[in-house]
Amino acid sequence: MLGTESLAFPQTAQKADEDRTAWYREAKFGMFIHWGPYSLASVEASWPIMRPEAQWNITEPEYVSLYKKFNPTEYDPAAWVELAKQAGQRYMVITTKHHDGFCMFDSKLTDYKITNTPHGKDVIAMLAKAAHDAGMPLGFYYSPPDMHHPGYRDTTQLVKDSWHGDPSRPGWASYLDYMAGQLRELLTNYGPVALIWFDGLDREEKYQGQRFIDLIHELQPAALVNNRIGVDGDFVTPEQEIPDRIPTRLKASNLPPPAQPEAPPAVPPPEDFELWETCMTINDTWAYNKNDQHYKSVKVLIQNLANVASKGGNFLLDVGPTPEGTIQPEFVERLQAMGQWMKVNGDSIYGTTYGPWQDLAFGKSTAKGKTVYLHVFDWPSNHELELPALASRVSRVTLLATGHKTRFTQKQDRLLIKVPSAAPDPNDSVLKIEMR
C-alpha cells in the first residue's frame, strides 16, 4: 500500500527558500527562447564555431559577422508573451548572451551587441517591458563562456581550439569582472528578473560561482539561479531528457555504503526532493533552423509535460524565433494546442508535485494536497484501471475534462477505477482522485 507523504508539497530547508521558489513550483511550464544573429544562417547558437562540423556550412568569420545583417523588423515581443500565455506557460527565459559572446541587450561593456546591428534596438528591454506589462515572469539565460572576450580565451586562435577558456591566463580576472558588470546591468536595467539561467559548460568551478550567486542575491534577492556555474543553485537542469526517477538532494558520496545495494525509493520523502527543470526543444535544435522539420507531436509534448510534472519538475520548452523576429507556425500550432489541453487539465499540472504512482505502464500521476491526478496515456480497452492502493481512503474519482464521477472499488492492496469506453482526450486523459 502506497503512503501519502508525497501529497504534501516538498519543503526546502529554510522558509526563505520556500517563499522564493513558491511561484516557480506553481508555474511548472515555461518558454525558453534561443535567439540571435545565428538565426540568419539556420544554425545553432555558438556551436558552429566551437565545433565546426560540416553540417553547419558556415565559417567562423562568417558566423561572427552575422550580426551586421541582423534586422528582425517583425519582432513583436507582446506577441511572444501572448503566445506563451496561450500555451499555458507561466514564465519565460531568453538568451541574453550565448557562448559566442554576442549580447542581445545594450551592454555598455562591449560593442558586440544588438544595438550595433541594423535593428539597433535593445530587444531584451522590449521583451522585459512586454512581459512585465502582462505579469509574465521573465528570466535571463546568460552564458559564462564567452568566445568574443580576450580575457576568456586567446582570441588570436580559432574558437575551436580555445573554447574551453583558461583560468590561468592573466586576463581571466578581468573576464570575471566583465561577467559581474554584465550581470549587474541585467539585474538593474530591466526590472524584476525571475531567474538567471547560467550555462557554464565544463569545469564550471573556474567561474568562482559563489561570487555571482551573491551578486544576484544582492541586486535581486527574489531571483532564482540554476545549477550551471559550479555551485549549487535553486534548481537542477537536465537537458533534452526527463529523468527516470524523481531527483533528490541525496548525494551518493555523502552516504555510507549500504550493506546491500538498493535502488532509491520511487517516491522519496519531501525533504529529499531536489527542485528541477528539464529544458527541451520542439524539434531537434535550440535556434531557428529552417531545415529541421523533425517536430515533436502535440501528443508527445503534452505527455512530456505530464511526465515532468509527475516527477515534481518544471518543463521549459524551447522556441527559436526566425531572423525576422517571428515564431514559426509549426511551433505556434503546437503551443496553442498544448494551451487548449491546459485550459481543461491545468489543475493537474499547476502547483502540483510528484505523484504517488511512479511506475505505471499506462501513464503518470501528479499530486496536490489531498488530490492525486492520474494522467492516462493509454486508455484501457477493458474500461478499468488497476492501481496500487493508497494509505488514505479515496472519497471521489472524476474525469477532469467533464467533472463526471466514475465508479471505483478500494481494496486492501489495490484501487480499481471504472472508466468510459472512449478516452476524453487523445493525448492525455486525466482522472481526479480525491482523498478523505
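Searching the whole structure turns up 26 aromatic pairs. The model is a predicted one.

**Stop 1: Trp47 and Trp163.** Select both residues and show their side chains. The ring centres are 5.4 Å apart and the planes stand at 75°, so this pair counts as edge-to-face, the cut-off for that class being over 60 degrees. Now colour by secondary structure. Trp47 belongs to helix α2 (residues 47-50), while Trp163 is in the loop between β3 (138-142) and α6 (172-189), so the contact ties together parts that lie 116 residues apart in sequence. Trp163, with a relative accessible area of 8%, is buried.

**Stop 2: Tyr152 and Trp172.** Tyr152 sits in the loop between β3 and α6 and Trp172 in helix α6, so the pair ties together parts 20 residues apart in sequence. Both side chains can be checked against the surface: Tyr152 is buried, with a relative accessible area of 1%, and Trp172 is buried too, at 4%.

**Stop 3: Arg90 and Tyr350.** Clear the selection and pick this pair. What sits over the ring of Tyr350? The charged end of Arg90 does, 3.4 Å from the ring centre.

**Stop 4: the sheet.** Switch to a cartoon view and select β11, β13 and β14. These three strands make an open sheet in the order β11-β14-β13, and the pairing is antiparallel. Which strands lie at the edges? They are β11 (384-388) and β13 (408-410), each of which pairs on one side only. From one strand to the next, the twist averages 15°.

Look now at β11 alongside β14 (residues 414-418). Five bridges join β11 and β14 in the antiparallel sense. To see a bridge at residue level, select Leu387 and then Leu415, its bridge partner in β14.

Notes
Residues numbered from 1 in each chain as written. Predicted model: local features only at pLDDT ≥ 70, side-chain atom pairs only at ≥ 80, totals over all residues. Heavy atoms only, no water. Phe/Tyr/Trp six-rings, centres within 6.5 Å; stacked < 30°, edge-to-face > 60°. Helix = DSSP H or I, 4+ residues; strand = E, 2+ residues; numbered from the N terminus. Buried < 20%, exposed > 50% of the residue type's maximum accessible area, 1.4 Å probe, protein only. Lys NZ or Arg CZ within 6 Å of the ring centre and 35° of its normal. Pairing = 2+ DSSP bridges. Axes fitted to C-alpha atoms, helices over the stretch in contact; angles between N-to-C directions.
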